[in-house]
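Below is a short briefing on a structure, covering its nonpolar cores and its ligand surroundings.

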Amino acid sequence: MPSSCRSGVCQSCLMRAREGTPPAAAQSGIKDTLRAQGYFLSCRCVPEGDLSVALPEDGAGRFASTITGIRQLSDTVMELRLARPEGFEYRAGQFATLINGQEVARSYSVASVPELDADLEFQIALVPGGAMSGWLANEAAAGTALHVQGPNGHCFYACADREQPLLLAGTGTGLAPLYGIARDALRQGHTGPIHLFHGALREPGLYLHEPLRALASEWEHFHYHACVLNGPAADEVHVGPLDAWLLETLGTLKGFRAYLCGAPEFVKLMQRKVFLAGVSLQEVFVDSFLPAKAP
Amino acid sequence: MSTLYERLGGEAAVNAAVDVFYRHVLSDDRINYWFEDVDMERQAAKQKAFMTMAFGGPHNYTGDDMRNGHKHLVEKGLNDSHFDAVAENLAKALAELNVPQAEIDEVLALVGTTRNDVLGR
Ligand SMILES: Cc1cc2nc3c(=O)[nH]c(=O)nc-3n(C[C@H](O)[C@H](O)[C@H](O)COP(=O)(O)OP(=O)(O)OC[C@H]3O[C@@H](n4cnc5c(N)ncnc54)[C@H](O)[C@@H]3O)c2cc1C
Ligand code: HEM
Ligand code: FES
């Protein structure tokens, strides 16, 4: 049985009860349609009675797919493209859990936009000794089969008010969902200002610098702010901590909707800061890249 | 005679008050460390529950829930001074939202009835 987060988020441990009723806690957070069919998360399941279980069926939130391409976006970030399985309906910014032939399961944010891109696209950082990122970098190639579970998550563009200012902030590959959300917002005709802040340790980590600069010159109300912790860097790149610079650049965040993605420490810090700077609690959306836990 | 909750403006007023109040709490060094580790994502719902109670609105919390919900905090030393600071921030937030003093007093009186449960006495 694959598992990843062990805390009810990634849904990679999905199973189906053939007989018996799974406890409510193991069914919380899964789709109504799956719940009705007896699906549950095994990492959350302490059975209360007899339970006869089966692996999920293909199509029940888990889809077979093949890799259509892998390329380097920088020294440490790769773009993974997968054939989008039929029936895999998603919103840009949601995440999916990839499961490889060795039953390693890891969650990744979808960077593509269903209405604009044929494939599912992911931006994946190479983690030293990483089970999934290492496998993708060294063993997987176009044509390799894997499974996609999902999509999950609430971090996507759904603004009733097209004029609302948006703040998108992420570090590292936290940019992946933000890139999807930004393009989706523009596609849907969002007219309010969109500020995208991308933070990296050093300049090579700004792995979408040119595409984002191009997007900013194409759309007057889309603003791209690049930021690195350690210089040297080009003139248009700020050197220093992202949080301080963001608040200095935008001043008050009253009325903003904020999307915060990437390393859990960054997300936690920013949630607090943007709230104190004026964003309403209900207007904060996050995607925290929690590392997988050992089973 | 309408209820306090209705007079304050019901759910819309609760939503407006939550942000202002919680910002004060997180900026208050006397109490903000209690909220250091709480998950911000769930706070929107929890703060709404708090405010609905304070406004005398419909909620499902019992005194025992308040007791159990704050038990781990009482064990770490939650006391009257913290309770008073929360009440003070609440009054400040409501005043900023132009709630009349008479209603603020009613809210504080209502919140006061939870003191012994919250502090586990
Ligand atoms: C909702 C969600 C969305 C995510 N989206 C993305 C995404 O779009 N792009 C992306 O690159 N990642 C994303 N992640 C993180 C991803 O799921 C994996 O945790 C990550 O790719 C590492 O997996 P791995 O198998 O390569 O390494 P593992 O085998 O899990 O880890 C190998 C070792 O590295 C450590 N480690 C794990 N992560 C890091 C890290 N970031 N830095 C340093 N050390 C680390 C581990 O503790 C372990 O010791 C997301 C996570 C979640 C929960
Ligand atoms: C003034 C009366 C108070 C009321 C009516 C009240 C009400 C509540 C409610 C409804 C919850 C949510 C419980 C849940 O659904 O899980 C809660 C949680 C909490 N309260 Fe209070 N509370 C009060 C005082 C305080 C005080 C004085 C402190 C500390 C200074 C405090 C700190 C907390 C914390 C830290 C949580 C847990 C949040 C979490 O774990 O996510 N509360 N309270
Ligand atoms: S939901 Fe069970 S391991 Fe992630």
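Which residues of the largest nonpolar core touch the most other members? They are Y22(B), M51(B), F55(B), L90(B), L94(B) and V107(B), in a core of 39 residues. This is a predicted model, in which local features need pLDDT of at least 70 and side-chain atom pairs count only at pLDDT 80 or more, while totals for chains, interfaces and linings use all residues. Residues are numbered from 1 along each chain as its sequence is written, chains are lettered from A and ligands numbered from 1 in the order in which they are written, and side-chain values use heavy atoms, with hydrogens and water left out.

**Nonpolar cores**

- A nonpolar core here is a set of buried Ala, Val, Leu, Ile, Met, Phe, Trp, Tyr and Cys residues joined through side-chain atoms within 4.5 Å; buried means under 20% relative accessible area (1.4 Å probe, protein chains only).
- Beyond its neighbours within four places in sequence, L90(B) is in contact with F21(B), F50(B), M51(B), A54(B), V107(B) and V111(B) (contact: heavy atoms within 4.5 Å).
- Another core, of 30 residues, lies apart from this one and includes L168(A), L175(A), A182(A) and L208(A).

**Ligand 1**

- Around ligand 1 there are 21 residues, counted when a heavy atom lies within 4 Å; R106(A), S107(A), Y108(A), M132(A) and S133(A) come nearest.
- Strand 7 (105-109), strand 8 (120-125), helix 3 (131-138) and strand 15 (284-288) of chain A each supply at least two residues of this shell, and strand 7 of chain A has the largest share, 4 residues.
- A backbone N or O atom of Q123(A) lies 2.9 Å from a nitrogen atom of the ligand.
- Oxygen atoms of ligand 1 lie 2.7 Å from a polar backbone atom of M132(A) and 3.0 Å from a polar side-chain atom of T173(A).

**Ligand 2**

- Ligand 2 is surrounded by 19 residues, the closest being Q43(B), K46(B), Y61(B), H70(B) and L78(B).
- A polar side-chain atom of K46(B) is 3.0 Å from an oxygen atom of ligand 2, and a side-chain N or O atom of Y61(B) is 2.5 Å from an oxygen atom of the ligand.
- For H70(B), a polar side-chain atom lies 2.8 Å from a nitrogen atom of ligand 2.

How values were computed: Buried means under 20% relative accessible area, exposed over 50%, partly exposed in between (1.4 Å probe, protein chains only). A polar contact is a pair of N or O atoms within 3.5 Å; within protein, one must be able to donate a hydrogen and the other to accept it, and residues adjacent in sequence count only if both atoms are side-chain atoms.
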